[in-house]
Amino acid sequence: MKIIKNTGKICEKCGSQNMKTHQTTYPLKLGPKQLNVERVSVKECMDCHTLKPTKAGEEKIARCAMTFMSLF
Ligand SMILES: [Zn+2]
């Protein structure tokens, strides 16, 4: 049996490989506040609807978080 290591395409929650990449508004939690980051590239599990940002998505979230934090 061959185990294919491709964690980027497998859902962390349910192990499904039915992941679809698209852009969506990602709810980012910063302590008690929630920031909705628009048009983030994410992989969504079609089975349990877990959102996992792609590398580009994570970078965008990080940038938004920095901007958001600098406002306070
Ligand atoms: Zn899943």
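Two residues are in contact when their C-beta atoms, placed from the backbone, lie within 7 Å. The structure is a predicted model, in which local features need pLDDT of at least 70, side-chain atom pairs count only at pLDDT 80 or more, and totals for chains, interfaces and linings use all residues. Residues are numbered from 1 along each chain as its sequence is written.

The chain holds 1 helix and 3 strands. Both kinds of element are DSSP runs, numbered from the N terminus: helices are H or I runs of at least four residues, and strands are E runs of at least two. Along the sequence the elements follow the pattern β-β-β-α. Of the 72 residues in the chain, 8% are buried. Here a residue is buried if 20 or more other C-beta atoms lie within 10 Å of its own, exposed if 12 or fewer, and partly exposed in between; the C-beta atoms are placed from the backbone. Among contacts with a separation of 6 or more, 45% join residues 24 or more positions apart.

The strands form an open sheet of 3 strands in the order 1-2-3, with antiparallel pairing. Strand 1 and strand 3 (51-53) are the edge strands, and each pairs on one side only. From one strand to the next, the twist averages 55 degrees. Angles are taken between N-to-C directions and run from 0 to 180 degrees; the axes are lines fitted to C-alpha atoms, for helices over the stretch in contact. Two strands count as paired if DSSP finds at least two bridges between them. In general, the strands of a sheet pair through backbone hydrogen bonds, either parallel or antiparallel.

Strand 1 spans residues 19-30 and lies largely in the open, because the number of buried residues among its 12 is 1. Strand 2 (residues 33-45) pairs with strand 1 in the antiparallel sense over 11 bridges. Methionine 19 stands opposite cysteine 45 of strand 2.

Glutamate 44 has leucine 51 of strand 3 as its bridge partner. Valine 42 stands opposite proline 53 in strand 3. The hairpin of strand 2 and strand 3 has 5 residues between the strands.

Two residues other than glycine were examined for their backbone angles. Most residues other than glycine have a negative phi. Arginine 39, however, has a positive phi of about 50 degrees although it is not a glycine. Arginine 39 lies in strand 2. With 10 other C-beta atoms within 10 Å, arginine 39 is exposed. Histidine 49 likewise has a positive phi, near 60 degrees. Histidine 49 sits in the loop between strand 2 and strand 3. Histidine 49 is exposed, as 10 other C-beta atoms lie within 10 Å.

Helix 1 (residues 55-70) lies across strand 1, strand 2 and strand 3. The helix runs at about 175 degrees to strand 2. Alanine 65 belongs to helix 1. Alanine 65 is partly exposed, because it has 14 C-beta neighbours inside 10 Å. Leaving aside residues up to four places away in sequence, alanine 65 touches Leu28 and Leu30. The C-alpha atoms of alanine 65 and leucine 28 are separated by 8.2 Å, and the two residues are 37 apart along the chain.

Leucine 35, in strand 2, was considered next. Leucine 35 counts as partly exposed, because it has 15 C-beta neighbours inside 10 Å. With residues up to four places away in sequence not counted, leucine 35 touches Leu28, Leu30, Cys64 and Phe68. Leucine 35 and isoleucine 61 are 26 residues apart in sequence, and their C-alpha atoms are 9.7 Å apart in space.
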